[in-house]
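The sequence and structure follow.

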Amino acid sequence: MRDFLLSLGVAQWVLPAMLLWPVLAAVVVRFGGRDISRNESEAEAPSGGPDARVLTLAALFVEALLSLALWGVYDPAVRGWQASVDWPWLSDIGARFSVGVDGISLPMVVMTALLMPAALLGSWNNVRLRTPAFGAFVLLLTTGLVGVFVSLDLLLFYLAWELMLIPTYFLVGVWGAAEQSRASLRYVLFTLVGSLLMLVAIAALWNLGGGTTFHLDDLRRVTLTPRTQFLMFGAFFLAFGVKSALVPFHTWLPDAQGAAPTLVAVTLGLKVGAYAVLRFAIPLFPAAAAHETIRTVILVLSLIAIVYGALLALAQRDMKRMVSYSSISHLGFIMLGCFALTQQSVQGAVISIVNSGITTSALFLLVGMLEDRRGTTDMAAFGGIARVVPVFAVMLTLVMLSTIGLPGTNGFIGEFLVLIGTYAERPVMAVIATSGVVFAAMYGLRALQRILFDTLDEPANRTLTDLTSRERLVMSGFAVAILYLGFAPQAILQRAARASQDVIEAVRFSPNAAVILPSVSEAP
Amino acid sequence: MMPSIAPSFLLALAQSATTSGTDRHPLAGSIAGLMWLLPVLPLLGAVINGSVAITSRSRGLRGGVAEPTTAGNLLVSIVGPGVVIAAFALALAMFMAMIGAGDLPTPFIARFASWMMVGTLVIDWAFQLDQLSMLMVLVITGVGSLIHVFSIGYMRADPGYARYFAYLNLFVAFMLVLVLGSSYPVLFVGWEGVGLASYLLIGFWFDGKANANAGKKAFIVNRVGDFGFLVAMFLIWVTTERLDFVGAHATLGGMAGTSVVLAIALFLFVGCVGKSAQLPLYIWLPDAMAGPTPVSALIHAATMVTAGVYLVARAAPIFSGAPEASLLVTAIGALTAIFAASIALRQWDIKKVLAYSTVSQLGYMFVAVGSGAYAAGVFHLVTHAFFKALLFLGAGSVIHALQHAYHHTHRDADPQDMRNMGGLARFMPATAVAMTIATLAIAGVPPLAGFFSKDEILAGVFTRAQGSPLANASLLGIPGSTLLYGAYGLGVITAVLTAIYMTRLLLLTFFGANRTGDTETSALHEAPAIMTAPVLALGMLTLVGGWLNLPALLPLGPVGVLEDWLAPVTAPSALRLTGTGHLDHATELMLVAIAVGVALAGILFAWFRYRAQVTNKVDSPVDTSVLARAFHIDRFVDAFVVRPMNAFASVLLARGVDVGVERFFSASGRLLSRSAEFVGTRIQDGDVGKYAWLLAAGALALLAALTLS
């Protein structure tokens, strides 16, 4: 298979294609797609062309196929960037269109590309207004997400980062539910402030590097004083921490996800910030990332996130907010893994980012399915519906078990690796983090009980329809992913091994590593 | 040496499983390579029954009329018990192969696939067959088969029939993974998996909030234990870089007495305390009785709750290297035994009596494995599986009969309350006989199974108290011998209490006048054969189970079979804790006399104390005694743990801190915009060029600050 794909030259064009295709498709969807709401309301003139949602889905499906081709040409045995493309872009300042994947970004790209069509199909009737514009924004957002994962040039990365933020702003603001303006405005304010600081840091880094390159590999070789590293790391980490909703920068996430359409809530939950920490913040500023104080602060924040997120999930009445807080809790595990900086913990963080993309998304879709049927996501409006909607009940239970990390599901793999890796480095912190498994069980089972079990007392719930075949198809995909990665995670672990090791080695051996600073505790 | 009962294609599969090590294991290439099939069979059953449950229910709804049901579904009745019986047959074939293979000093390990390989962390999907796991597999599939058959009768009218068997099959699958796993993580898959199945089955009738709550409570309390298990695994890996039993134990065995081994043992024991319902994490088990009664028999008496005992026996090389931890295991076991037995004295719900009795008997098992008498602990695990499963199934038959009677007359009365029973021996003779055997067995009357296993535990503790490495160790300054004598004393008192509460149960249920109700009495009848047959089969096992491990004192047959069988697994560890101390004949006879004496005394006491007439539940005053309320522990936990935490989460964090954090950011945002406004009004004069200059200057200043620092 790999030889066949290589003979097509896939490695040379797949990444640019994945970035440009959704943009092209967005134009087609916006201007060629039919708006179903205009057809439904007699007042307006119907628009022509095929259903915009179908076009969007087709485009996302092509994107997913491209990502599978990317997976196919990837050689796990080779170290470094693969399928990389390096085209001149803004030659004056040395910025290049430089993209590529390694074992860390590959699973994320594939996960995102597969997730998008599944999420659209799983929330098919969630958005029925102005579907051409909706589809176009979703496609632009896809380019942004993929771009963040594959960019090797920092300016290109920044562009992709903004391309991820801006469509989201409109998607939440225009298609969001209640209190949409407040939620989307706050989202933009929070992330914009964070990313502006990052832009300044990128510019400064570029300047220090001689003003000729933005490439990650080149900038890593620029010698930085400890102070500069601290400041720049701070700017980067703030941007990434805000985007990934690390406590205490988390408050925008439940509001935005609560207000957003299902599909957008799914994309908001993706842990791109955590990925960016592994890709940029740690390798570019290794001494700062490994500095005892900074590291301890971040690890403690992660611990707080784990417990605090879980306790707040326990206190929510609204299902979407509950899922949000559980995802905040999971981010704690991921950040813990990133900064414990052991092979197991970093690989655990990588697979946890993928897991979170699967599990949290599946939860949002399931909640969205209830919302589409009942118009509410208040847990109190449900109860005892397991009898009425058995397939839904099975799916929700499975996904919730993955959320609380039951062995045999993907959630366990990530948590276990993060915790065992952290234990080797910071035993006390690992023990505190492990207590998160108890809290997770509390909020997870509480939600299951309130939604599925107890007495079926709401008359409206007696006539709920079970998952349609479309929804079943989507959820089966998620179920397969959850169990497959739970039993055989090697497909990802094996690919991420070398790249994760590179992250850890960056902290020890790269030009900017801790020679000048108090050494990391694992240094010999 | 190979039984030729397996078809050749299965053998080919068996041979494809790779074995570890360079030496070829005697069991390599034999039917033992089919270990993977043991859990896969019930898993398959779970999938089939689950599909039946889902599909037929949605079909029923489309009709939109009555409650959709799978009651008595023929496919389910065949597949559900069938897969477990098939697994039992396979287990028997493996057992034959093991016997045929002769001495097996090392476990047979079959590696199927890689699970996680991350740096130096290597975890395989691998199963391990040795004498201990073989015994557990036989108990699980054997007793499991009987309970599955019983369930056909017990659950046949339930609309959730298919769902029930799906869960029950799922449980057996995970339980087999638990005992077959060759490493701590694989064992943990089964460990949490059985917790899941237990959660689903406790909440099986989830319409009642109490039932759903009970399931949730069981899972969460178990998770507290699992927290300890996880930390123990981290410690094991960090210390030995291995997580498989053989590899980890090889290293840890050489580190006996170090604080690391002690810590590992203590954290592992936290897991055991949760799963096996010991003090203080026992609180979930009495509530777990909300599940269907056969579930209580299988999960909450015979198999899952004994997983903690299995784990201590499995990790014997670790526990024997940490005498303090072993003493703690014994102490907790002894305290739990007497604590739960005293509560059982004053319970009126027949299942609650049995639930507290189970907690108490599990305490005995921990006394045994804690004091290094691993074989005795496992022996009691096996005999307890026989007679406690019998007691629960018998109680199930009784409840079933009362439910039918009340259903018949449309009366709403409690079918589990013993005050509504009485004199049932007349209506249900077979059940009464079987229950009487089991009661005598658990009370410790010779020559029934419980007598031998309990006597062996008490004699074992007494021997070790007299002089052993364990007696020379100490826990929190208390000498080991004192603790062991104490455990023996508590064990004897518990034996008296056990005899009392079990005789009380028997008297209230089967003897005296019937209190079910005048019109209901005529509707009472014996359970159908499909329910009485498994009960009687367990009765036979209870009668002869003691012959598994006869003491040398009473050579009524081959002596110490089970102990010899388990010797390759546990003997070295047992030797480390217990030395070679032996009881002289006179002392041993005295111990037996004490054991039999207290059992008979307890039975006699109960006979005179509880023969007095009681009134049925409606006419009786509400029992508010401390024992009936189980020392108010649940209220205490609710008031001091559950409520404060919920209040902490919802009031302090959600409405306090989280809102505070949000306000802080909004306020600083406002401050920023206001100061910008303030400056802005001075500069904002419409000169676009000025804006651009200011913007550029700002960016430059920032750049300079970062570049020059």
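## Confidence

In this predicted model, residues 516–524 of chain A have a pLDDT that stays under 50. For that stretch the model has 12 contacts beyond four places in sequence. Chain A as a whole has a mean pLDDT of 89, and 94% of its residues reach 70 or more.

## Overall build of the chains

Chain A contains 24 helices and two strands. Its radius of gyration is 22 Å, close to the 24 Å that the globule rule gives for 524 residues, so chain A is as compact as a globular protein of that length. The C-alpha trace of chain A spans about 70 × 55 × 45 Å along its principal axes. Of the 524 residues in chain A, 64% are buried. Among the contacts in chain A with a separation of 6 or more, 80% come from residues 24 or more positions apart.

Chain B has 25 helices and five strands. Buried residues account for 56% of the 709 residues of chain B. When contacts in chain B between residues at least 6 apart in sequence are considered, 80% of them join residues at least 24 apart.

## Strand pairing in chain A

Strand β1 (residues 82–90) of chain A pairs with β2(A) in the antiparallel sense, over six bridges. Within this pairing, A:Val85 has A:Val99 of β2(A) as its bridge partner. The hairpin of β1(A) and β2(A) has four residues between the strands, and A:Gly94 in this hairpin takes a positive phi near 90°. Strand β2 (residues 95–101) of chain A is mostly covered, with five of its seven residues buried.

## Strand pairing in chain B

In chain B, β2(B) and β3(B) run antiparallel and are joined by nine bridges. B:Ile109 stands opposite B:Gln128 in β3(B). These two strands, β2(B) and β3(B), form a hairpin with two residues between them; the turn includes B:Gly119, which has a positive phi of about 55°.

Strand β3 (residues 121–129) of chain B has eight of its nine residues buried, so β3(B) is largely enclosed by the rest of the structure.

## Nonpolar core

The largest nonpolar core has 469 residues. The members that touch the most other members are A:Leu70, A:Phe236, A:Ala281, B:Phe171, B:Leu268 and B:Ala389. Helix α16 (residues 374–409) of chain B gives the most to this core, with 21 residues.

Not counting residues up to four places away in sequence, B:Leu268 touches B:Gly228, B:Phe229, B:Ala232, B:Leu311, B:Ala315 and B:Ile318.

## Interface between the chains

Contact between the chains involves 45 residues of chain B and 53 residues of chain A. On the side of chain B that touches chain A, the elements giving two or more residues are α2 (37–63), β2 (108–118), α6 (184–202), α7 (209–240), α24 (633–683) and α25 (688–708) of chain B. Helix α7(B) gives the most to this side, with 14 residues. By class, the side of chain B that touches chain A has 27 nonpolar, nine polar and nine charged residues.

How values were computed: Residues are numbered from 1 along each chain as its sequence is written. Chains are lettered from A and ligands numbered from 1 in the order in which they are written. This is a predicted model: local features need pLDDT of at least 70, side-chain atom pairs count only at pLDDT 80 or more; totals for chains, interfaces and linings use all residues. Two residues are in contact if their C-beta atoms, placed from the backbone, lie within 7 Å. Ala, Val, Leu, Ile, Met, Phe, Trp, Tyr, Cys and Pro count as nonpolar, Asp, Glu, Lys and Arg as charged, and the others, Gly among them, as polar. The radius of gyration is taken over C-alpha atoms; the globule rule is 2.2 Å times the number of residues to the power 0.38. A residue is buried if 20 or more other C-beta atoms lie within 10 Å of its own, exposed if 12 or fewer, and partly exposed in between; C-beta atoms are placed from the backbone. Two strands pair if DSSP finds at least two bridges between them. A nonpolar core is a set of buried Ala, Val, Leu, Ile, Met, Phe, Trp, Tyr and Cys residues joined through C-beta atoms within 7 Å. pLDDT is the predictor's confidence in each residue, from 0 to 100.
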